Amino acid sequence: FATLFSATAFALDWVVPAPKASPMVLEDTFAIRNVGQNAFIYMGEAWGTQGIVDVTVPNGKFLLVRPQEATATVTEEDGSETSFTVIELQDNSKGWGTHFIWRQPADGNLGAGNKGCFVDNGGAPARYWNIASVGNNVYTIQVPSQMTVDHGFAEDVAYVDGEFLGIQTDHGSAWAATNAEGVTYGIYYDVVYADNPANCQWEFVKKSDIDVYAAKTTLKEVAEQASEKGIDISAAKAVFDNPDATVAELEAATAALRDELVNVADWDNPVDVSDKYIVNPTPTSGTNGVAPTGWTVTLTDTGSEPAPKYASNCGEIWNRAGGKISQVINLPAGVYRLTVQAYTRSGMEAWLAAGTEKMLIATVPSSEVNSLGQADTRFNNGDFVNTMIFATVEDGPMELSLTADSDNGDHWLAWRSWKLESLGSSIDSYKRLSESLSEGWEEEFIDKEYNQTYYDAVTEALSAASAATTREEAIAAY
């Protein structure tokens with residue numbers, strides 16, 4: 001999926017076909033796309049688990065959903081019961097199981113009386129829906145017409161003729177009023193169809209079609225980087241243009257370009273190698289309590305909350321006496337820049353590390369950010385970016401990690417994306433490490449008491465870096 005760090009300045013005119021809509025089939029796996037907004041149902045806003053459509057990256061963020069039948073029953077005036085078939089939309093917001101798209105009109109964070117939806121632990125009958133085709137693989141989703149006030153349902157959850165599940169960006173939302181100047185992309189079940197039909201229309205897109213879309217999007221992004229650096233991309237274009245190209249073929253073409261990009265990287269022309277070396281560089285989804293794919297999570301204690309947790313395209317370790325998320329990658333010798341979006345609470349400490357190199361990460365007071373929904377907004381704004389440069393002189397394993405303070409039981413560590421760039425492997429790149437420290441270094445000594453021996457040692461190290469003829473000499477000077 002596209003992330004905050006994936007954009008490139010150089011653009012090709014390659015057009016990635018949008019993943020097509022398919023007929024809704026029970027028990028199959030889909031993402032659900034709103035026609036009017038051209039965006040998929042995801043999670044965010046209130047509590048980070050409100051049902052929303054994510055418009056930040058078209059076709060880029062989505063929940064997987066499995067439609068399944070259930071039987072509901074209502075009691076008639078004469079005491080008899082009437083059964084009818086409904087659809088449940090099971091989702092993978094926190095792993096497959098008891099998670100559904102469900103209605104909630106009384107949530108305090110969303111605002112009581114605002115008929116929103118959540119995507120977590122919704123019980124029956126709040127998770128029952130009627131889904132009807134309007135043609136061309138387009139559907140409406142609505143409270144079942146049998147669930148009326150006359151059948152004993154409260155007005156705020158009962159069927160209302162003409163109201164459907166949809167998007168209304170000025171819909172009432174306490175969360176939006178506080179955090180987004182009143183603009184909401186939540187899904188609400190009282191949107192009037194006649195006011196904006198497209199915003200009440202939905203398409204079911206198969207996971208396999210989204211995988212091809214994602215693979216073509218990635219290939220285009222990497223081809224843009226390669227083309228900008230003068231690399232021949234004709235072979236990749238042939239794969240991209242093939243309407244029957246498989247995900248494996250698209251990924252192979254992408255990997256070939258990445259190999260060539262690494263060979264041309266240098267200090268002034270960094271190359272993004274995140275997807276080449278890091279498994280799942282945006283580790284923000286999965287089953288709560290289970291480490292994200294490719295990563296290891298180590299906890300100091302068992303705590304009262306499952307960790308890690310995921311919501312709003314963020315990951316977190318919270319209410320733990322320290323914790324660590326890490327991945328061991330295999331890197332060729334070279335100079336690298338690691339950029340990670342992450343933070344901890346003010347007054348606490350957490351470190352970003354690449355091997356033995358480490359740095360303290362950004363902090364933020366709880367008065368500014370106190371939920372993953374709020375974290376999502378700040379991450380999207382480009383906040384909490386932590387950057388470090390490191391080098392290796394030999395090919396081999398390297399651990400990347402975020403480690404939380406172990407001295408505070410309410411420690412909160414949250415993250416979004418990891419970006420790894422190659423700054424080259426030539427002797428020049430290694431020498432530039434020290435040169436990056438040399439600008440303005442003498443100012444550090446102004447009006448300070450210092451030992452002349454120390455001053456001389458710094459100048460000698462800088463001279464040694466400039467004169468270095470091997471990686472080892474450059475690293476030693478650095």
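Author: Start with a network of salt bridges that links D268, D428 and R432. A salt bridge here is a side-chain nitrogen of Lys or Arg within 4 Å of a carboxyl oxygen of Asp or Glu. Note that this is a predicted model, where local features need pLDDT of at least 70, side-chain atom pairs count only at pLDDT 80 or more, and totals for chains, interfaces and linings use all residues. Residues are numbered from 1 along each chain as its sequence is written, and side-chain values use heavy atoms, with hydrogens and water left out.

Reader: How many salt bridges does the structure hold?
Author: There are 15.

Reader: OK, what does R258 pair with?
Author: R258 forms a salt bridge with D275, and their closest N and O atoms are 3.1 Å apart. R258 lies in helix α4 (residues 247-264) and D275 in helix α5 (residues 274-277), so the bridge ties together parts that are 17 residues apart in sequence. Helices (H or I, at least four residues) and strands (E, at least two) are DSSP runs, numbered from the N terminus.

Reader: Is R258 buried or exposed?
Author: R258 counts as buried, at 13% relative accessibility. Buried means under 20% relative accessible area, exposed over 50%, and partly exposed in between (1.4 Å probe, protein chains only).

Reader: Switching topic. Which residues touch the most other members in the largest nonpolar core?
Author: L257, L338, L402, W418 and L420 do, out of 48 residues in that core. Helix α2 (residues 207-228) gives the most to this core, with six residues. A nonpolar core is a set of buried Ala, Val, Leu, Ile, Met, Phe, Trp, Tyr and Cys residues joined through side-chain atoms within 4.5 Å. Another core, of 36 residues, lies apart from it and includes Y42, A72, V74 and F204.

Reader: Back to α2. At what angle do α2 and α4 pack?
Author: The angle is about 20°, and the axes are 9 Å apart. Axes are lines fitted to C-alpha atoms, for helices over the stretch in contact, and angles run from 0 to 180 degrees between N-to-C directions. α2 and α4 are therefore roughly parallel to each other (angles under 35 degrees count as roughly parallel).

Reader: Now the sheet. What is the order of the five strands?
Author: The order is β14-β17-β23-β19-β20, in an open sheet with antiparallel pairing. Two strands pair if DSSP finds at least two bridges between them. At the edges stand β14 (296-299) and β20 (357-360), each with a single partner strand, so one side of each is left without a neighbour in the sheet.

Reader: How many bridges join β19 to β20?
Author: Four, with strand β19 covering residues 350-354. A354 has E357 in β20 as its bridge partner.

Conventions: Parallel < 35°, antiparallel > 145°, perpendicular 65-115°, else oblique.
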